[in-house]
Amino acid sequence: MARLASNHCPNTELGKRHMPTPRELQPHRSARDLFGAKLRAYRGKQPLGALAAELRMSKSHLSRIELADYMPPPELPEQLDRRFGLDKVFAELYELARHEIHPDKVRRRMELEAQAQVIQEYSPQVVPGLLQTEAYARAQFHVHNPRASEGEIERLVSARMSRQALLVGDSRPDYSVIMDEAVLHRFYGGAQVMREQLLRLMDPCSSPSMCIQVIPFAQGGHALVGGSLSLWTLSKGNQVAYEESITTGTLLEDWESVAGLRRAYDVLSACALSPAQTADLIKRTLEALPHE
């Protein structure tokens, strides 16, 4: 099997650090792996950089596609079919890849979230994980799986809390959240747990790198009401979306799907309460909580 060509950097680690290490693709596992394997096979001995130049894209981007790490951009399949004289081989693989749930979606989701420079989320039922208190997260995990052992619950809580390190430090991303008003009234763990959680939500309301909004009940239905959504803008402007329901998550990397979801998010943000109005609503909800 052909290996990726790379620019050799004698006696330095620079070339090794910037070029992904070739891995064995598993074409039986996913359409994205099959796309990468076909690309590697048809490219043959042609240097990756030379093909990337023909296609007018960066060598590193094409390498990630060949390694099945990145979703191919929508214009690439037709370019490859034309370049290799094929009858829609890559076009048909792309249609399969863009609709499949990537086998490593959980790992990939965490990698993308960690790389994002801008994170935008919509949550209809629960406080987003990046803003949860330990007690709230623990109560949520208990409700989700009442048969889980205390050890399992604590491992999940620890993992969730560790994710919140993303929002600390000079390199933290810009973070925006839209929550349905139901999130403020749906108790997890009782009034005291909710009191601590609502206080936690009030902290970022005045932060320059965070924006928290609530979409009120009075707004009615909207395009994102069916599930939660995360949108990530990466360092080079690439945009990725992650949709999640009760038991499944779908990672979307093709431009058309992400653009539609971003448009729906922007409309929802325009209809939501402002950050100041949101802080006021959280404060009023906090004051109305029963004392245990």
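Helices here are DSSP runs of H or I with at least four residues, strands are E runs of at least two, and both are numbered from the N terminus. This is a predicted model: local features need pLDDT of at least 70, side-chain atom pairs count only at pLDDT 80 or more, and totals for chains, interfaces and linings use all residues. Residues are numbered from 1 along each chain as its sequence is written, and side-chain values use heavy atoms, with hydrogens and water left out.

**Overall build**
- The protein has 13 helices and 6 strands.
- Of its 292 residues, 47% are buried (under 20% relative accessible area, 1.4 Å probe, protein chains only).
- Take contacts (heavy atoms within 4.5 Å) between residues at least 6 apart in sequence: 69% of them join residues at least 24 apart.

- A pocket is an open set of points on a 1 Å grid over the protein atoms alone, where a 1.4 Å probe fits, with protein on both sides within 12 Å along at least five of seven lines; lining residues have an atom within 4 Å of a point.

**Second largest pocket**
- The second largest pocket has a volume of about 370 Å³.
- It is lined by 14 residues, and R64, Y70, Q115, S235 and K236 lie closest to its centre.
- Helices α4 (59-66) and α7 each supply at least two lining residues.

Technical notes: Buried means under 20% relative accessible area, exposed over 50%, partly exposed in between (1.4 Å probe, protein chains only). Grid points are joined across faces, edges and corners, and a volume is the space filled by probe spheres set on the points.
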